[in-house]
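Student: I have a model open on my screen and would like to go through it with you. Could you help me read it, piece by piece?
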Amino acid sequence: MKNNFSQPQRQSLIGVVVMFADTLQSAIRALWFILIVWILKIDELNKIYFIIGAVAVLIGVSLIAYLKYRNFTFFLDEENEEFVVHKGIWNKSRIAIPFDKIQQVNINQSIIQKIIGVHALEVDTAGSSGKEVAIRAISHDAALALKERLLEAGYKKKAVTKEFADGLETEDNHNHSFIQISLLSLFKTGITSNYTRSFALLLAFVITSFQYIEDFVKVAGYDEDPLDQYINTEVLLRFISFIIVGIMVLTLIINLVRTIVKYYNFKITRQQDSLLLSYGLINTKNTIIRPEKVQIVTIGRNYFQKRLDINDIKIRQASGVEANDKDQKKTAIEIPGCNNAEKDLLMRFLLEKIPERGIALKPSIRKIIMEAIGLLIIPLGIFFSLAYYAFPSIMEYAIFVPVYVLFVAIMIYFAFSHSRLFVTDDFIVKQSGAWDIDNDFIAPHKIQTISLTQYFWHKSSDIGIVTLHTAGGTISFGLADYTRLKQLVNYWLYQVEASPRNWM
Amino acid sequence: MEGYTNEPINTAALPRFEDVELTPLHPSYLKVIWLNFAMVYGIISIAAGVAFYFIEELRPYWLPITICYVVIVLLSIFISLVSFRNKGYAFRTHDAIYRSGAISLTTTIIPYNRVQHVALHEGFIARAFGLAQIEIFTAGGDKSDIQISGIEKQQAEKIKQLLMGKIIKEEANEE
């Protein structure tokens, strides 16, 4: 046993550099106002005083950094089953985290940590939103060993009844590499994702530049719109298509760079019965996925991605902290660029088996009408009534109405034709989306609450909406045959109530 | 594995939540609603009166403003009444059912083995009428919780005991 962490110990010595960077950063944050004054008046200031001042600050920061390093110790208290951290220069504090309160241990690397070759280890506990304890500089081996020990200790205590403690030691030692996402897959994902958002950006850009041209025309004092007369239509069209193609290429490149920077070197390893994810070019991130905590698995792909055999997998776990639905969507763990074989491997691990589609439930045609009212009739009604009664000037934008109507109508139509709910004994699968088609997978025993909603004008046509709440977010499906939905709800309730399986 | 059977279940024979007779809220709760209503709209009316008294420019518009206000009040009275009528709850062997809503009718069902905890609230006005509110929490976030107002205090206490008993029993079963 190389290091069992039972004695109080300091961080890596080189960690002083990280401490220094941290302290300098907070010093700058605290003193930025003075710094700006200094920089502005740099010519008037006596150079010697300035240098002395700067040196004094640097020495102060180094001293604080060193003391921070000296006074930070951590160890595992096996007797009391706690992870203990001592820290503080003036105000000493002792933080003890019981093993069974540890939710997750993350190992991350910022750019400074990467340069000097250390890692940060953060301990996430139940019951608080922030990371309670962070070790700022620890060598990779020590970080892995400590993480293993922390999680293992917590696991053992939590699951005394489960009899996997014996197999733990042997399995721990060799972590199987599970999946590695290649640069090519990331490239494929980068150039095929976020089209809808790019299109919306494009439209917004065209509208604003239109506005800009109009303003320019007014200021320049032309009586007539030069778009019609002074500028050759052909030149203008060429210019506009050049701009549009330019924006398309730009968004493509931005998406590509964003994807690669965020997910570079995406590695998934299997550790005991959880998955360890690590990825990132500038900041390396580490996350753990435990199958029993997974609530919703979403597999998304669009037409191009289907052709290129890549899937985008999003995993939503039960969060220790209360979060609203929006936050949970944000905290979903994303695995980009998996091919079908990798996807199946992950699905088998996370959901125990590869879900079959089963019987499909289609939405009612009234869904199209509802969405047309919500996205076309109401916004256009507001637009035209505003243009008519209050601001006649916005009438100029009416030329974009056909583009908007066409785009939204196509989206509504495809969203409707893709919208399905597949139900089998083991899974509920919701398929949705117009261009990017998402499949949300839920196992019935993950359901917390079921609600059924029906507007009074839907009563006569017997349609309604079903919503399944889980600890990792909600899934809604509608408008569909209400009688059928009620049958399904009764069936799911039976599954939840009769099965001893817990949701976590 | 002895005595283990795995018969196909007859989904048509499953108990149907939609056939359960729901208990309506206590009639006194309507009084609580009206009192709250009177308070809110009373304050708005007084504020409007003060505004008309001090701001002379507003006075020519008294007729459209009053008509709008009366329409809004009547509409809210109607909606409150409908939503009171629609509200109902039931506690089955394995789950709690709550129905609410005016324009849309929502039925929410929480299985007891997913309940995290139960809270009992007493509002200021509701207490005068001997009423309480039961709130049932799950791990599914705000929207998956149910709040049942307008239950008689004693009844609410009993419900809370029942739910707590169920939670403990479910936990014992898991061990």
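**Spans and domains**

Tutor: Let us begin with residues 420-482 of chain A, a span that is 2% helix and 65% strand, and whose end C-alpha atoms lie 15 Å apart. Please keep in mind that this is a predicted model.

Student: What does UniProt list for that part of chain A?
Tutor: The UniProt entry, which is unreviewed, lists "domain: YdbS-like PH" for residues 69-149, 263-322 and 420-482 of chain A.

Student: Okay, and where is I52(A)?
Tutor: I52(A) has its place in helix α2 of chain A, which covers residues 47-71.

Student: Is I52(A) buried or exposed, and why?
Tutor: I52(A) is exposed, because 11 other C-beta atoms lie within 10 Å, and a residue counts as exposed at 12 or fewer.

Student: How many Å separate I52(A) from D425(A)?
Tutor: Their C-alpha atoms are separated by 75 Å, and along the chain the two residues are 373 residues apart.

Student: Switching to chain B, which domains is it divided into?
Tutor: Chain B is divided into domain 1, residues 28-83, and domain 2, residues 88-174. Taken over C-alpha atoms, the centres of these two domains of chain B are separated by 33 Å. Their contact takes nine residues from domain 1 and nine residues from domain 2.

Student: Which helices supply the domain 1 side of chain B?
Tutor: On the side of domain 1 that touches domain 2, α1 (28-54) and α2 (62-86) of chain B each supply at least two residues, and the largest share, six residues, comes from α1(B). The residues of that side of domain 1 of chain B divide into five nonpolar, three polar and one charged.

Conventions: Residues are numbered from 1 along each chain as its sequence is written. Chains are lettered from A and ligands numbered from 1 in the order in which they are written. This is a predicted model: local features need pLDDT of at least 70, side-chain atom pairs count only at pLDDT 80 or more; totals for chains, interfaces and linings use all residues. Domain bounds come from an automatic or database domain assignment. Two residues are in contact if their C-beta atoms, placed from the backbone, lie within 7 Å. Helices (H or I, at least four residues) and strands (E, at least two) are DSSP runs, numbered from the N terminus. Ala, Val, Leu, Ile, Met, Phe, Trp, Tyr, Cys and Pro count as nonpolar, Asp, Glu, Lys and Arg as charged, and the others, Gly among them, as polar. A residue is buried if 20 or more other C-beta atoms lie within 10 Å of its own, exposed if 12 or fewer, and partly exposed in between; C-beta atoms are placed from the backbone. UniProt positions are given in the numbering used here, feature names are shortened, and annotations may be inferred rather than shown by experiment.
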